[in-house]
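Could you take me on a walk through this structure, telling me what to select at each stop and what I will find there?

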Amino acid sequence: MQIPSLLIVDDEKNTRDALAAALGDEFETFLARDAAEAFDMMETRAFDIVLTDLRMAGKSGLSVVERAVASPNRPVCVMMTAYGNVETAVEAMRRGAYDFLQKPVNLERLEHVLRQALRNRRAAANSPEAAATATGAASPVVPASLENGSESARAETGAPATPSASATPLSPETSPAQSAFSPPVVAKPRRSRRAAGGIETSAGAAAGARAAGGFDSSEVVGASAVLVRVIAQARQVAPSRATVLLLGETGTGKELFARMIHRNSPRAAKPFVPIHCGAIAPTLLEGELFGHAKGAFTGATEARRGFFESADGGTLFLDEIAEIALETQMKLLRVLQERRFTRLGSSEEVAVDVRLVCATNKDLRAEVAAGRFREDLFYRVNVVQLTLPPLRERAGDVPVLLDFYLRQFAAENGFAPVTLDKSALRALQEYAWPGNIRELRNLCENLAVMRPGARLGYEDIAERIAPPAVPVPPPADAFGGGGGVASGGVGPGVGTGAADGAVAAGRLSREANEKRLYREALAAAAGNRAHAARLLGVSRRTLYRKLDRWSELASV
């Protein structure tokens, strides 16, 4: 097989040489010291991959990406920088970059990205649809009206810089300032100004950002290829009238993105009305949405406007839309189709101009199949779909979030901030975070208040993140010929050795319980490590670390 070709573009000789030495076994490497030299080389030779620095003397790496993706061969482009932020990453991917890594580059991660890019490129040879994804063409295109340099936009709006975008994992031995984050979506905390539903307006920084031609994503903390793509999609859809459906588990930041879309839309000066549909009784939700006339029911002593009227000219955010009863779904469908409705107890139609953003943590297609959600309404709300990944898939961003929230809660309470040592940081990165950002935020608030100024290790946070110890009934042959607990052995499915046995009234120790879960997952997956990691809700990297620690599981 022909060795794939890699063009490395960087104005630092030491960086070029180091990358060439590290990648020379897998790629035929070519070196360019600036964009001009790269242009000359691309004129005379076709490359499979272009790896370029962002800031260089003369033209930047963005111009290298533009020239590369415009060439007939269209190589896959990966960008590196020590000065990245979310806006820069969005711009790079808008121009066609496949991924965005931060310097100093983690070589293991870089090799993984390049291999994946090469696999996608080869697959694209037989699939035009895959070609768009492999080369980065599938990244959302930002309209010309929103194009602007990220740094100047932030300078003009006064928005704080966000952490650098990349896809390099952050290890406990590497500081956030030295490494990149993989893959995060994080919401800055916002003090709520409503209960189940309320009215807000947001002009402020967003108005300044739009006036400068930029995009205000200052509420988002964290950066990765995944985050950049979702922000790019939000940036694309924000100026339009299109209905948006936000998908993701509880605690992944869906309301944050709804606010960001509104804040960057032409409706920003108008109301933003958020409603948690699951927090309002089904019998009351219709009246809350559409309002009611005087005398519509017992106790209706005066007419009342609903949330649709309150959001007129602005944005209505329906959180957990899957919780709406079928009867109310029918009326909601009519509003979306005709932009008019009648209040309860009234025959007079009310016309509204409302942009709808919906969110759910459920699979709406499955809800449609089960008869709990109207199919026609699903197609009405599923115009533009944005999916926010769970935190367990963004372990590299956990240190950034921890630092952000620990400092925030320390400042709010007037305490010295908590710090975490390597063992605690590693454990928190490996934790599955079933409650996502909300769970991490609550943990940080607890630590900031209960352990102010302390430096904490794994033992200080273990009980908050380890699986709970559970009663384990003795296996069927525990006291028979199989050699159970009483004789020092264990039954099937429990493990070998005292550490895996039942202790103290049939309860497993924390580590033994975790080891048992890993053993059962490996057995259920028939030894397939990737499948076992998915069953456990952890990354393969975490699974391999556990297997290194518990060598007796390696043969399962």
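Before the first stop, one term: a nonpolar patch is made of residues with over 30% relative accessible area and no salt bridge, their nonpolar side chains joined within 5 Å. Keep in mind throughout that this is a predicted model.

**Stop 1: the surface.** Select Phe 415, Val 449 and Met 450. Together they form a nonpolar patch on the surface, with about 270 Å² of accessible area. To place Phe 415, look in the loop that runs between helix H16 (398–413) and strand S14 (419–420). Because buried means under 20% relative accessible area and exposed means over 50%, Phe 415, at 35%, counts as partly exposed.

**Stop 2: the largest core.** Now go inside. The largest nonpolar core has 48 residues, and the members that touch the most others are Leu 7, Val 9, Met 42, Val 50, Val 64, Leu 246 and Phe 257. Color helix H9 (residues 225–237) next: with seven residues, this helix gives the most to the core.

Center the view on Val 64. Leaving aside residues up to four places away in sequence, Val 64 touches Val 9, Ala 35, Phe 39, Met 42, Val 50, Thr 52 and Met 56.

Stop 3: Is Thr 52 buried or exposed? Thr 52 counts as buried because its relative accessibility is 0%. With residues up to four places away in sequence again not counted, its contacts are Val 9, Gly 61, Val 64, Val 65, Val 78, Met 79 and Met 80.

**Stop 4: helix H11.** Select residues 282–290, which make up helix H11, and pick out its buried residues: Leu 285, Gly 287, Leu 289 and Phe 290. What do these buried residues pack against? Show strand S8 (271–276), helix H12 (307–310), strand S9 (315–319), helix H13 (326–338) and strand S10 (340–342), and you have the partners.

Stop 5: Finish with Cys 77 and Cys 444. Cys 77 is buried, at 0% relative accessible area, and Cys 444 also counts as buried, at 0% relative accessibility. How many disulfides does a search of the whole structure find? The search finds zero.

How values were computed:
Residues numbered from 1 in each chain as written. Predicted model: local features only at pLDDT ≥ 70, side-chain atom pairs only at ≥ 80, totals over all residues. Heavy atoms only, no water. Buried < 20%, exposed > 50% of the residue type's maximum accessible area, 1.4 Å probe, protein only. Helix = DSSP H or I, 4+ residues; strand = E, 2+ residues; numbered from the N terminus. Contact = heavy atoms within 4.5 Å. Disulfide = S-S within 2.5 Å. Core = buried A, V, L, I, M, F, W, Y, C linked by side-chain atoms within 4.5 Å. Patch = residues over 30% accessible without salt bridge, like charges linked within 9 Å, V, L, I, M, F, W, Y side chains within 5 Å. Areas by Shrake-Rupley, 256 points an atom, 1.4 Å probe, with all protein chains shown as cover. Salt bridge = Lys/Arg side-chain N within 4 Å of Asp/Glu carboxyl O.
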